[in-house]
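Here's a quick tour of the model, taken piece by piece. Have a look at the structure first, then read on.

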Amino acid sequence: MACWLMFLSQHFFKVTPILRSYASAPARWSKWCVPVAAMATKATEDAFRPPVCTLPEAGGMLNRDLFVKTLLLPAVRFNKKLTSVCLRALKSKALTRKPFLRNNPSNPDEKVLLLNPEVVSSGDVLSLGEAGAGFLKEHSLEGKFGEYQLELRYSDWTSEEVLRSLLPKGVEVPTGFSRIGHIAHLNLRPEQLKYKHVIGEVLMDKNPGLKTVVNKTGEINNEFRFFSMELLAGENNLIAMTKEHGNSFEFDFSKVYWNPRLSTEHARIVGLLNRGDVVYDVFAGVGPFAVPAAKKGCDVLANDLNPESFKWLQRNIKLNKIEMGLIKAYNLDGREFIKEVVRKDLIKRAEEWNTESNPRQRTHVVMNLPSLAMEFLDAFPDLLRNVAPGVRGRIGLPTVHCHCFSKEADAARDVRHRIEAVLSHSIEGALIHDVRDVAPNKEMMCASFELPGAVVFGDSTEDSQAAINEPQAKKSRTE
Ligand SMILES: C[S@@+](CC[C@H](N)C(=O)[O-])C[C@H]1O[C@@H](n2cnc3c(N)ncnc32)[C@H](O)[C@@H]1O
């Protein structure tokens, strides 16, 4: 008895899985493993879950050492030169969980294939199927088909598995988070808040490179579209450095707007631009449209009212080595930017345009402030009313890319009608793109349309008003 106790204390809690030498063992070499098997968990899918562990006391540390479990699995050992042959014969019987192929710690020339205990019983060669049994026979491996003591530890489980074992039943394990450089940003539900610190710790452990985990504590409702957050785990460092489509962006995540879910939209809009185009980015943030547009060879005038966004936008222009002058940064209210900067720039370019040597530059106005951008469209009517007739004809009418939200079933129709109401003009031919679902029954949309001359030059006619009332089907393209 004393002997068994010594054996168990020496081998049961080893960190490295052990596979004993079975060279002289009887055909069913699991026999002498029985004492271990008696203590090991039944190896089914369920058995691979971590043990149910108690949560640390409030303010206490997560005890990772409690996550230990030993399983006894059917397995076959073979010379590593046979790996591909073995996998061909036995892959269908392999353990469904990775890594099912391991090195044999007691013999560097050997590999161990862990088998699925739900279809294979150790020692029963027939349970390996014809191909498996044939493989053992052909390579005289019957004596190497037995059991493997697999020890699982904290590092072997995913964050979801660890949290499932820690959180009480009925509390959903958070599955997703936004990642911004070294920061994970969570939006926990009320019932998860009690466990917020342990959730933060586990996510940090399981996601290499994460150094800070924060939870959103308030809705985005301030002017500058960032939200309050609290630190759950790691360093209190919210200066993030992240990459989007090969460009680098640095900013204080607690003071500016950044949403990694907009990455596709940033690329889509930039994809609509051509080298030499002019881009007026009214709500530029820290530059995710402006920087790639300038890299593409566009002239960019980028604006944001948040002084922090303006500061980091300037930083990102340098960080991405944008040629001097390709992006001009402004810190103005969007309406003022349109009425002053955009207006003057359109006129200046028209005056300078040398029709003989240059094609006219195409111009774009990007308006990504979905909750309010539509209201800012009221800056366009009459914007160029008093421009001299000679210059007027030389101005290229900008294409506006206006982001907005819609809760209507026919979001494209809703967006179009609301824009037409602000402009008092039809936006015939608008391309209305569905950007993403923001919440159940709430879509982020983007309407791209050429600003009607009648609107900017201020000579709206009855015809244009009538055009607004024409049936929807003819009026816009929807993506
Ligand atoms: C939804 S964010 C978009 C930022 C950036 N375009 C992006 O895609 O990440 C909207 C931006 O508009 C800025 N903003 C809010 N009100 C503004 C205003 N009245 N004038 C100019 N910018 C404003 C905010 O500071 C914020 O950076």
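## Around the ligand

By class, the ligand's shell holds ten nonpolar, six polar and four charged residues. For that tally, Ala, Val, Leu, Ile, Met, Phe, Trp, Tyr, Cys and Pro go down as nonpolar, Asp, Glu, Lys and Arg as charged, and the others, Gly among them, as polar. Of the 20 residues around the ligand, the nearest are Phe 283, Gly 285, Leu 305, Asn 306 and Gly 334; "near" here asks for a C-beta atom, placed from the backbone, within 6 Å of the molecule.

One caveat before moving on: this is a predicted model, where local features need pLDDT of at least 70 and side-chain atom pairs count only at pLDDT 80 or more, while totals for chains, interfaces and linings use all residues. Residue numbers start from 1 along each chain as its sequence is written.

## The sheet

Four strands make an open, antiparallel sheet, ordered β2-β3-β1-β4. β2 (101-103) and β4 (145-153) sit at the edges with a single partner strand each, so one side of each is left without a neighbour in the sheet. From one strand to the next, the twist averages 45°, with axes being lines fitted to C-alpha atoms and angles running from 0 to 180 degrees between N-to-C directions. Strands are DSSP runs of E, at least two residues long, and helices are runs of H or I of at least four, both numbered from the N terminus; two strands pair if DSSP finds at least two bridges between them.

β1 (residues 68-79) runs antiparallel to β4, and nine bridges join them. Across that pairing, Leu 71 faces Leu 150 and Leu 72 faces Gln 149. β4 is mostly covered, with seven of its nine residues buried (20 or more other C-beta atoms within 10 Å of a residue's own; exposed means 12 or fewer, partly exposed is in between, and C-beta atoms are placed from the backbone).

## Helix α4

Which residues of α4 (residues 129-138) are buried? They are Gly 132, Phe 135 and Leu 136. These cover an arc of only 95° around the axis, which puts them on the same side of α4; the arc is that of the directions from the helix axis to the C-beta atoms. The buried residues of α4 pack against α3 (83-90) and β4, a contact being two C-beta atoms, placed from the backbone, within 7 Å.

On the face turned away from that buried side, α4 carries the exposed residues Glu 130, Gly 134, Lys 137 and Glu 138. Just after α4, Ser 140 takes a positive phi of about 50°.

## Gly 390

Gly 390 belongs to helix α12 (residues 389-392). Gly 390 counts as exposed because it has 9 C-beta neighbours inside 10 Å.
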